[in-house]
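Please open the model in a viewer and keep the selection tool at hand. The stops below proceed from one element to the next.

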Amino acid sequence: MREFLEKFYEHGFDVQKKFQKMADNPIYYNRELLFRLLQDNKDTKIGQKYDFASIKTVEEYQKRVPISTYADYEDAILRMTENGETNILTSYPIMLYAKSSGTSGCPKCIPSTVEHAKVIKNYLCNLKYKLIGDKLGKDCFDGKCLLAVEKLLTKLPCGILYGPISSMMFEAFGENYEDYLTSPKEIVEFDGKSDLVYLTARFAMQEVDLTEIVATFSTRILDVFRYINKNSQLLIHDIETGTIDECIKILPKTKDALLKKIKPMPQRAEELRDVFDNTDDICLAKKIWPRLAYVQTIGTSSFKSYMDKLKTYIGDTDIFYVGLMASEGIFTYPLDINSTKAVPCPDFMFYEFLPAGTNNTEEIVTIDNLEIGKEYEIITTNLSGFYRYRMGDVVRVSGMYKNTPILEFVHRINYNVSIFGEKTGEDMFNDAIAAVEKKLGIDIVDYSAFEDKESEKSRYGLFVEIGDNSRKVTKEQLTRALDLELCSCNSSYKKCRESKMLSIINLTYLQPETYILLNEMLLYRGFSTAQIKPPHILTEEFKYNFLKALRRP
């Protein structure tokens, strides 16, 4: 059994006990956190500006400190990262500046403090392995992990590292993380120019005792399985001969380093060949890795369609659905294994909620005044120096766990296509795509929606990569079906279509593996797979141009 996982499990007893206790009275612990943050940061520049020291109630805090966005912190963060200034936003030592995924624009630079890291470790290491050990048994602690996350870090002028927040997990694993992961150091510390999907798949497949698969987004795991299914013979040949095929894009120095770590594995190759000669892709994961215990990935509704497709490969393998997370912190945490129900973490951030569809700050409520069935935008005060920060994430209260609301992610504000104010969001496109797949019996690998500004007509554009089984459906059939489903999902879109304000969508087919190529391009530009989300709403011109260049004839 791996010693550090056993330690996580043991520390998880206290975290679990506190988590359950907080669920009985979340506002008590949430207020307690707020006043600790105000006290600890009263002598910072921002603490002096708003006189944190004299704030005694939540109401006082709300009246004195205004709602903020990232733009309000940019100048301070520039001074912190470029000049090394301290005690501006937070008194806590900063251990990393987290690079956000940039879903709604350019990536942000988010301070991540020592206090922030402690709570992340409590939830994503200690409590997680307590749940895993209790539910699935501690035998899975002695296997290996396919971790589809890279350690992409650069050093800022202030001397502090900058990169994805997921890189912090390597600190928890310690110096010997190579013994725990299927990917060698050369893959984890990715060079940005090699074929990452091949390398991840090849080194995972040669490992017999794999017990866990972990990725920030399920899209990443799905890409790996699709690649394995399509390129099994290439992978098996390389495992058998102890090589990396000449067709694989890889830097010479990376290839040389990896070749020193591999050897021919004819027996493992024979086992894998037998798997692919006698099976299809149904439950493929357990056939490759019989000891696979669970898969971990984000479980918000944005990724539901990908999880449905992933289950073709993983079958009934248990899933640890991480809740709503971002560089700013953990917003919700799952209640159990195989459950997408998740609740706020009262000791991680102070929560406020603005009813969706309004900008009236007088309507903001705290965690104890949420109503089941209603949608709210989250406003957070966190452990890294953001106060009353408006992120743009909207959640729905779907129920209660003890006295704590169960929150379900709905969408991001302004992450939609809107020509006449009809606001067709990612969640609506997801529902329409899923309905069409089911109705027509096809596989849509991925899509990207945008306002078709190159057309004289007012209409949506939609890039679509379809699976091999989708050739039987014509483009006209798919276009009509998608248009009908969008009308069903968004009544405002339907009115625009009926009034002829909007023309029918302009559907463009993409070449096979376009989205894998897009991901590789983003990796080359310095992004981590932990930051690369499906570009369902195109907000960046370079992504639009990339996809446009890969249109299928």
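Select helix 2 (residues 26-40) together with what covers its buried residues: the cover includes helix 1 (3-24), helix 4 (58-64), strand 13 (350-355), strand 14 (365-366), strand 15 (375-381) and strand 17 (404-412). Helices (H or I, at least four residues) and strands (E, at least two) are DSSP runs, numbered from the N terminus, and contact means heavy atoms within 4.5 Å. The model is predicted: local features need pLDDT of at least 70 and side-chain atom pairs count only at pLDDT 80 or more, while totals for chains, interfaces and linings use all residues. Residues are numbered from 1 along each chain as its sequence is written, and side-chain values use heavy atoms, with hydrogens and water left out.

Within helix 2, the buried residues are Pro-26, Ile-27, Tyr-29, Asn-30, Leu-33, Leu-34, Leu-37 and Leu-38; buried means under 20% relative accessible area, exposed over 50% and partly exposed in between (1.4 Å probe, protein chains only).

Next, display the open sheet, whose five strands follow the order 14-13-15-16-17 with antiparallel pairing; two strands pair if DSSP finds at least two bridges between them. Strand 14 and strand 17 stand at the edges with a single partner strand each, so one side of each has no neighbour in the sheet. Helix 2 packs on this sheet, touching strand 13, strand 14, strand 15 and strand 17, and its direction makes about 110° with that of strand 13. Here axes are lines fitted to C-alpha atoms, for helices over the stretch in contact, and angles run from 0 to 180 degrees between N-to-C directions. Inside the sheet, strand 15 and strand 16 (residues 389-401) share five bridges, and Tyr-376 stands opposite Val-395 in strand 16.

Now turn to the aromatic rings, of which the whole structure holds 29 pairs. Rings of Phe, Tyr and Trp (its six-membered ring) pair if their centres lie within 6.5 Å; planes under 30 degrees apart count as stacked, over 60 as edge-to-face and the rest as tilted. Select Tyr-61 and Phe-350: their centres are 6.3 Å apart and their planes at 80°, so the pair is edge-to-face. Tyr-61 belongs to helix 4 and Phe-350 to strand 13, so the pair ties together parts 289 residues apart in sequence. Tyr-61 has a relative accessible area of 0%.

Finally, select strand 20 (residues 444-451): seven of its eight residues are buried, so strand 20 is largely enclosed by the rest of the structure. Seven bridges join strand 20 to the antiparallel strand 21 (residues 460-466), where Leu-462 is the bridge partner of Ala-449.
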